[in-house]
Amino acid sequence: MTSVAAGEPGTATPAVAALAYHDGQFVPLERAQVPVTTQALQYGTGVFEGIRAYVQADGGLAVFRGHDHYLRFLRSSGTLRIDVGLDAEQLCEVTAELLRRIGPTTDMYVRPLAYKRALLPGTPPGVQLTGVSDALSINAFRMGSYTARGGIRVAISSWCRPNSGVLPVRAKVTGGYVNNALAVDEARAAGYDDAILLNSRGQVAEASTSNVFVVVHGRLVTPPVTADLVEGITRDTVVTLAAGLLDVETAFHDLGREDLGNADEVFLTGTGAEIVPVTEIGGRPVGDGLPGPLTTALTTAYHEIVRGKDERYRHWLQPVGSATY
Ligand SMILES: Cc1ncc(COP(=O)(O)O)c(C=O)c1O
């Protein structure tokens, strides 16, 4: 079992595991390094995922929707002509093995990163995707729920979400996250917790690292993928749970700024954030300023499911198993 660095379980403090999967091997984290000449470092030509693994009732860990995350990872990689060298099943197995070797007893967050490394012999210098070698690294850190169940305050960003003519916005491309970082920075400087970004057509795209849902008269609405957003796996989980458990169908249609203001409930969904109620937008309360009933019901269901307490959704969990070494 490998130690994790200081940090309290169940808090926002990331405690990075001392072991990573790097260039095809499990290595001590300090050996998982990249040189300053790395193409992805210079040009943002990497792609990543964020995957959670949750402690189950038996004390073991299970990865939540890992296969779906890795399918998206491979799609993102393909967009940047990165050959990851492993398929989704193999990536799931490497992840399980990494977690087995780390041997954590708390919830973990897994961060796969595939990136452009170095110019191949004969390739002239320049910003390009071909003639550049590819690399894969996966690290993990301890991460409990970090968003306030009581809700967060968000700003509407002055930064606009890029459209798909500017960047492949559905892919989780590292360089594209400059936009997200600027939006968060602006929101935090103004005293908010997070930002919702509008797309270039002035419609709601998503929050900095999560998707947006609104509830209007009991109806659940979220922007369609054509609104320039990352097609969240948590978004899909919520749509599935709303229909399957609460008999609430989700409508996918564009939302304007005004729709946020008129909503009874607003919440965000993401692997890191999980489901988080938004109780204030741009200085105005959402509904009565408290987490709404549908948000609360979905949050409760979500937390049951990620802990393996609902048989119907067990197929979303991949148990990591015990150490094999
Ligand atoms: C920009 C952005 N939108 C949405 C999401 C939510 O996606 P998921 O629910 O798959 O984590 C994420 C997180 O991955 C993100 O980075």
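Reply: Contact here means heavy atoms within 4.5 Å. This is a predicted model, so local features need pLDDT of at least 70, side-chain atom pairs count only at pLDDT 80 or more, and totals for chains, interfaces and linings use all residues. Residues are numbered from 1 along each chain as its sequence is written, and side-chain values use heavy atoms, with hydrogens and water left out.

Me: Which residues does Thr174 touch, not counting residues up to four places away in sequence?

Reply: Thr174 sits in the loop between β9 (152-156) and α4 (177-189). Helices (H or I, at least four residues) and strands (E, at least two) are DSSP runs, numbered from the N terminus. Beyond four places in sequence, Thr174 touches Gly44, Thr45, Gly46, Val47, Phe48 and Leu113.

Me: Which backbone oxygen does the side chain of Thr174 reach?

Reply: A polar contact is a pair of N or O atoms within 3.5 Å; within protein, one must be able to donate a hydrogen and the other to accept it, and residues adjacent in sequence count only if both atoms are side-chain atoms. The Thr174 side chain has a backbone oxygen at 2.9 Å. That oxygen belongs to Gly44.

Me: Is Thr174 partly exposed or buried?

Reply: Buried means under 20% relative accessible area, exposed over 50%, and partly exposed in between (1.4 Å probe, protein chains only). Thr174 has 26% relative accessibility, so the label is partly exposed.

Me: Which side chain makes a polar contact with the side chain of Glu280?

Reply: Glu280 is found in strand β16 (residues 274-281). Glu280 has a relative accessible area of 18%, so this residue is buried. Leaving aside neighbours within four places in sequence, its contacts are Ile152, Arg153, Val154, Tyr192, Pro285 and Val286. The side-chain partner, at 3.0 Å, is Arg153.

Me: Which backbone oxygen does the side chain of Arg161 reach?

Reply: Arg161 lies in the loop between β9 and α4. Its relative accessible area is 6%, so Arg161 is buried. Outside four places in sequence, its contacts include Asn180, Asp228 and Val230. The side chain of Arg161 reaches, at 2.9 Å, the backbone oxygen of Val169.

Me: What volume does the largest cavity have?

Reply: On a 1 Å grid over the protein atoms alone, a cavity is a set of points where a 1.4 Å probe fits but cannot get out, and a pocket is an open set with protein on both sides within 12 Å along at least five of seven lines; lining residues have an atom within 4 Å of a point. Grid points are joined across faces, edges and corners, and a volume is the space filled by probe spheres set on the points. The lining of the largest cavity includes Arg161, Val169, Asn180 and Val230. Its volume is about 90 Å³.

Me: Which residues are closest to the centre of the second largest pocket?

Reply: This pocket holds about 290 Å³ of space. Of its 20 lining residues, the closest to the centre are Gln56, Asp58, Gly60, Leu61 and Pro319.

Me: Which elements give two or more residues to that pocket's lining?

Reply: The question concerns the second largest pocket, at about 290 Å³. The elements are β6 (61-64), α3 (88-102) and β18 (317-319).

Me: How many of the residues of α3 are buried?

Reply: From first C-alpha to last, α3 reaches 21 Å, close to the 21 Å expected at 1.5 Å a residue. The expected span is 1.5 Å times one less than the number of residues. Among the buried residues of α3 are Leu91, Cys92, Glu97 and Arg100. The helix is mostly covered, and the count is 11 of 15.

Me: Within what arc do the buried residues of α2 fall?

Reply: In α2, the buried residues are Gly66, His69, Tyr70, Arg72, Phe73, Ser76 and Ser77. They line one face of the helix, because seen down the axis they fall within an arc of 160°. The arc is that of the directions from the helix axis to the C-beta atoms.

Me: Is Asp228 buried or exposed?

Reply: Most residues other than glycine have a negative phi. Asp228 has a positive phi near 70°. Its place is in the loop between β13 (219-222) and α5 (233-246). With a relative accessible area of 5%, Asp228 is buried.
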